[in-house]
Amino acid sequence: MKKKLAVTAIGAAMVLSMGTGVLAGANLQEIKAYLNGSITVKYNGSPVQLQDEQGAVVLPITYDGNTYLPVRSIAKTLNVAVNYDGATNTVLLGEQNEGVALAKNFSNSSSYHTKDPDLTTYKGKDYKDVYFDNAKSSRGSSFMLYPKGKYQKLVLQVAATGNDIERFFVQDSKTDTKLKTTTIAVDEGLKTIEVDIAGVEEIFVHADIEGDGGMFVPLTTSYFK
């Protein structure tokens with residue numbers, strides 16, 4: 001089904017809410033506009049309530065015959081990632097052209113997160129920063145990621161070592177929704193796994209590991225996009 005957004009007003013545009021610090025350095029023109037609480041927004045025929053990041057209700061703005069909707073609220077409704085680059089005053093919607101490596105913001109405190117060259121090398125290549133669980137016992141291995149709704153996709157590179165990984169999954173930790181489930185064979189080498197994560201705040205990544213098996217995830221070549 002095609003995504004459809006209905007707004008009971010003449011024309012529509014979208015604006016992103018920004019802090020006053022951002023606005024102070026922007027190229028601004030003062031206008032006289034109105035918060036318009038009489039406008040109803042519907043998505044696929046159902047009414048939606050526009051909210052900011054904190055969950056507070058926000059209203060459309062009417063100016064010069066056009067209606068302006070908060071882009072963050074609309075992006076959330078349409079399940080499209082949204083972010084703001086303050087350095088370039090750019091609103092980023094959907095999949096970004098350049099990925100952001102997981103190594104940049106990986107905050108897992110597990111002992112399996114390592115930069116030890118003896119552990120970060122796979123098939124002759126040193127990936128510098130990896131998550132490598134090679135404890136060699138029957139168990140599950142997992143870590144958390146925090147995209148905070150800013151990205152459209154997660155691209156993971158994962159290798160099974162020792163034994164095949166019979167179950168590997170990526171889950172929205174807030175809703176317990178499985179976003180991707182797969183297997184990873186040792187002879188596949190580094191397997192690339194793409195996951196749609198639009199609107200997802202927290203991610204739980206898990207692998208079932210048996211016997212002398214392990215999971216190798218290079219954080220420099222796995223990324224958000």
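Two strands are taken to pair if DSSP finds at least two bridges between them, and helices (H or I, at least four residues) and strands (E, at least two) are DSSP runs numbered from the N terminus. The structure is a predicted model, in which local features need pLDDT of at least 70 and side-chain atom pairs count only at pLDDT 80 or more, whereas totals for chains, interfaces and linings use all residues. Residues are numbered from 1 along each chain as its sequence is written, and side-chain values use heavy atoms, with hydrogens and water left out.

Strand 17 and strand 18 form a hairpin with 4 residues between them, and D176, which lies in the turn, has a positive phi of about 60°. The two strands run antiparallel and are joined by 6 bridges; within this pairing, F168 has T182 of strand 18 as its bridge partner. Strand 17 (residues 165-172) is also joined to strand 20 (residues 203-209), again in the antiparallel sense, by 5 bridges, and here D172 stands opposite I203. These pairings belong to an open sheet of 4 strands with the order 15-20-17-18 and antiparallel pairing. The edge strands, each pairing on one side only, are strand 15 (139-145) and strand 18 (177-184). Neighbouring strands of this sheet are turned against each other by 15° on average, direction ignored, where axes are lines fitted to C-alpha atoms, for helices over the stretch in contact, and angles run from 0 to 180 degrees between N-to-C directions. Strand 17 is mostly covered, since 6 of its 8 residues are buried, a term that denotes under 20% relative accessible area, with exposed meaning over 50% and partly exposed the range in between (1.4 Å probe, protein chains only).

A further antiparallel pairing links strand 16 and strand 19 over 6 bridges, in which Q157 has T192 of strand 19 as its bridge partner. In a regular strand the side chains alternate between the two faces of the sheet. Strand 19 (residues 191-196) has a covered face made up of K191, I193 and V195, and an uncovered one made up of T192, E194 and D196.

Aromatic contacts were assigned to rings of Phe, Tyr and Trp (its six-membered ring) with centres within 6.5 Å, planes under 30 degrees apart counting as stacked, over 60 as edge-to-face and the rest as tilted. By this rule the count comes to 8 aromatic pairs. The ring centres of F132 and F216 are 5.4 Å apart and their planes stand at 70°, so this pair is edge-to-face. Because F132 lies in strand 14 (residues 130-133) and F216 in strand 21 (residues 214-218), the pair ties together parts that are 84 residues apart in sequence; both residues, F132 and F216, are buried. By contrast, the rings of Y151 and F224 have centres 4.9 Å apart and planes at 10°, so that pair is stacked. Y151 counts as buried at 9% relative accessibility, as does F224 at 7%.

One aromatic cluster is formed by F106, Y112, Y131 and F143. The C-alpha atom of F106 lies 7.9 Å from that of L219, although the two residues are 113 residues apart in sequence. L219 is placed in the loop between strand 21 and strand 22 and, at 0% relative accessibility, counts as buried.

The second largest pocket holds about 450 Å³ of space. A pocket here is an open set of points, on a 1 Å grid over the protein atoms alone, where a 1.4 Å probe fits, with protein on both sides within 12 Å along at least five of seven lines, and lining residues have an atom within 4 Å of a point. Of the 17 residues that line this pocket, E53, R72, K76, K148 and E201 are the closest to its centre. Helix 2 (71-77) and strand 8 (82-85) are the elements that give two or more residues to the lining, and helix 2 gives the most, with 3 residues.

D64 lies in the loop between strand 6 (61-63) and strand 7 (66-70) and counts as exposed at 65% relative accessibility.

Key: Grid points are joined across faces, edges and corners, and a volume is the space filled by probe spheres set on the points.
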